[in-house]
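Trainee: I have just opened a new structure and would like to learn how to read it. Could you walk me through it step by step?

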Amino acid sequence: MLTWLSLLFLALFALAAFLLGRGRALKAAGGASVRLHSLPNYYGAYAALWAGAPAALLLLLGAVFGGRLEEAVLQAERPAAVSALTPDRQDVFFSDARAIAAKEAPSEVAYEGELKTALDAKVAESRKITAIVRYSTIGLASLVALIGVLLALPRVGLEFRARNRVEGWINGLLIACSVAAVLTTLGIVLSLVWESWRFFQSVNPLSFLFGTEWSPQIAMRADQVASSGAFGAVPLFAGTFLIMLIAMLVAAPVGLYSAIYLSEYASRGMRSTIKPLLEILAGVPTVVYGFFAALTVGPLFRAGFNAIGAVLIGGPLDGVGQYLMEVQNQMALVAGVVMGIMLIPFVSSLSDDIINAVPQSLRDGSYAMGATKSETVKRVILPAALPGIMAAMLLAVSRAVGETMIVTMAAGLQAKLTVNPLDTVTTVTVQIVTLLTGDQEFDSPKTLSAFGLGLTLFVVTLALNIIALRIVQKYREQYD
Amino acid sequence: MTVTNPNALALVQGHAMPTQNRDGGVAAPVIHTAVPQGHGVVETRDFKIRARDVNVFYGDKQALFDVALDIPAKSVTAFIGPSGCGKSTFLRCINRMNDTIPSARVQGAIEIDGADVNAKSVDPVVLRSRVGMVFQKPNPFPKTIFENVAYGPKIHGIATRKDELEAIVESSLKKAGLWNEVADRLHQPGTGLSGGQQQRLVIARAIAVSPEVILMDEPCSALDPIATAKIEELIDELRSQFCIVIVTHSMAQAARVSQKTAFFHLGKLVESGPTEEMFTNPRDSRTQDYITGRFG
Ligand SMILES: Nc1ncnc2c1ncn2[C@@H]1O[C@H](COP(=O)(O)OP(=O)(O)OP(=O)(O)O)[C@@H](O)[C@H]1O
Ligand SMILES: [Mg+2]
């Protein structure tokens, strides 16, 4: 609250600095702004930036780290009664003290006697430290804002290059944003690598990558050291691959043909109706596809297979019939097909762009040779667009590999090494979700294995994306 | 009666001409062959292409107005005129490439060997195999040189066996004057050739199906003088076998390669006639202004 208020004041102060800077510049130019190096607003912006930006940064830092600071100071000194507690209970004690100080609900632990006195003392201390941190931040920020204006205003004059300075600030902001994005990515990768490294200390990387049995639960029992056999990721990758394959078998032809239709055959009206519809399909959240798979497609497929099984039973294919009768709602086929449907708009719109990028002159050249539309598509357009289409397919594959929701809901959770699309399988992403959801301790091989899986998946999709981008680049060069 | 007095020609023919072109409106080639051509460059007995009352619209905008033109066989006809006057539009009428532009609408009669190209019975695919086209910017397919030239013969089933195809590719490349330069790299991409070589490659591609007419839309505009000279030489050679129509912005090129010239202006065919005469003694003041470089 106080932070917001001070930010508001700061904004008003910056506005005042803007007007001052602008006015000063205009005055220096004697009202004729053409004599100024930059437009008058730049002088205002320059003053406002110096007045507002450093102080705002300080306030933000205070808001973000003030709590941490207060906590550290509070915990630095521990009364004897508190030190006697177990580390867990000590944490509860301090969090209760801070909660009471901040007028929030503490835990239900009752404090008596010496502990109660210590708690009251710590509550008072917490309030004091919070106030000190807060007011000193505000005071410091005011000072910085004032100094900023006092530094900036005198520089405003006829020759001063305010535009360049302001652009420098903006440049810095842009750099900061892109650096933030890069750093975040880097941080994620590093944490992935770090946790995976911890995991690979207890599980041999080779047996992880090439083991054929996946049952992380075994390692849960305290008396049992993680047996390396239980962390074989092959069934997971096989399941991922199976579902991806089914999905691509659906998405690749349908997406590609619809792209060909849209870009080469559809009339303008048709195109302007179908394209938005496809884009809506692309906008459906995957969880919706997930329950579409689990509640509609799954039972439908099951009923279908059971019906076929009922016919086959007793005949020469009795075994097959028996098997089909036992098919469940959850199977790789359902997840794959629904994922394929999800990928259709993705493949189609990427391929459509790529086909449209084939120069019209090639089409004209082919038509002028007396080629029909289908000959032109088959012999000129598709070969020319093939590298790009391949890249689109690879991007779709990497999406299929990373997709989680549909598989969780439609393919089951059992890690089976099978190529049977009617069986339940599980994928890498689904395992990561099941390993990490709920209360977990992040030091058992069970949870750490999620990072191993994540890292492997990351490497695979990264490789796919790099290959895809390379192909696209190469293909772009061809027409330039 | 001389050609320098085309009004007399009109009188002899006994009907008004739709435009001022010198041989437009000639009902029967027989009459025309009776007309001395002056310098005797146009020695053809008849016309390959006859266009009458051609109007073309792009949406509501009319791009060509009542164009009537006869194009002789086995010779080169040049279309000249300022940018946007409809030269390409008219050229595309001849092989119905305007069909590929959704907004384009073509009216009037264009006959090749007496058969209307716009007739319902005419399949544009078949028509285009008889009327080849070379574009302003060379547009080889991103395939090998061999595949580029073999494209037409393959899709039209002219040749299916490998040795037949090879023979056609070789003879087409030879006719296009490219064989010596590419004989040892037939299976490398056609896009890897230089601009001039690419243009000769697409000419080879066009003549591989033995068309009767070759339409060229500014074939040399992207080329340097040496490549241009080669193409012009090639056009001159091809003249003995094909009916060639070329759009050009270079007066000098029109004068060098063509036997007949047609001048378009603002969608109308202003004047047409033997090239030498058009350049030495144009009838219309607009033609005069254009070829002397006063506008356009
Ligand atoms: N696809 C099209 N859609 C709409 N208008 C067109 C189209 N193509 C040509 N036009 C118009 O028709 C007129 C004639 O164009 P055309 O391309 O035939 O000119 P041109 O004589 O070939 O010109 P240039 O010498 O610049 O190539 C122009 O006004 C042009 O704007
Ligand atoms: Mg043109």
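Mentor: Cys93(B) has a relative accessible area of 2%, so Cys93(B) is buried. Buried means under 20% relative accessible area, exposed over 50%, and partly exposed in between, with a 1.4 Å probe and protein chains only. Before going on, please keep in mind that this is a predicted model, in which local features need pLDDT of at least 70, side-chain atom pairs count only at pLDDT 80 or more, and totals for chains, interfaces and linings use all residues. Residues are numbered from 1 along each chain as its sequence is written, chains are lettered from A and ligands numbered from 1 in the order in which they are written, and side-chain values use heavy atoms, with hydrogens and water left out.

Trainee: How many disulfides does the structure hold over all chains?

Mentor: A disulfide is a pair of cysteine sulfur atoms within 2.5 Å. The structure holds 0 of them over all chains. Cys93(B) shows why: the closest cysteine sulfur, in Cys85(B), is 13 Å from its own sulfur, too far for a bond.

Trainee: What should I look at to get a picture of chain B as a whole?

Mentor: Begin with helices (H or I, at least four residues) and strands (E, at least two), which are DSSP runs numbered from the N terminus. Chain B has 12 helices and 10 strands. Then ask about burial: 54% of its 296 residues count as buried. Among contacts in chain B with a separation of 6 or more, 66% are between residues 24 or more positions apart.

Trainee: Where does chain B touch chain A, and which elements supply the residues?

Mentor: Start with the counts: 24 residues of chain B are in contact with 19 residues of chain A. Buried area is the accessible area (1.4 Å probe) that two parts lose on being put together, summed over both. For chain B and chain A this comes to about 1600 Å², with 66% on carbon and sulfur atoms. Pro142(B), Tyr151(B) and Ile155(B) supply 31% of the area that chain B buries against chain A, more than any other three residues. As for elements, helix 4 (124–130), strand 6 (131–134), helix 5 (145–155) and helix 8 (195–207) of chain B each supply at least two residues of that side. Helix 5 of chain B gives the most, with 4 residues.

Trainee: Which residue does Lys48(B) form a salt bridge with?

Mentor: Its partner is Glu212(B), with the closest N and O atoms 3.1 Å apart. Lys48(B) lies in strand 1 (residues 47–58) of chain B and Glu212(B) in the loop between helix 8 and strand 7 (213–217), so the pair ties together parts 164 residues apart in sequence. Lys48(B) counts as buried at 12% relative accessibility, and Glu212(B) as partly exposed at 28%. A network of salt bridges links Lys48(B), Asp113(B), Arg130(B) and Glu212(B).

Trainee: What is the phi of Asp113(B) near?

Mentor: Most residues other than glycine have a negative phi, and most peptide bonds are trans. Asp113(B) has a positive phi, near 50°. Asp113(B) sits in the loop between strand 4 (104–112) and strand 5 (115–116) of chain B, and is partly exposed at 48% relative accessible area. Lys74(B) also has a positive phi, near 45°, and is placed in the loop between strand 2 (61–72) and strand 3 (76–80) of chain B.

Technical notes: Contact means heavy atoms within 4.5 Å. A salt bridge is a side-chain nitrogen of Lys or Arg within 4 Å of a carboxyl oxygen of Asp or Glu.
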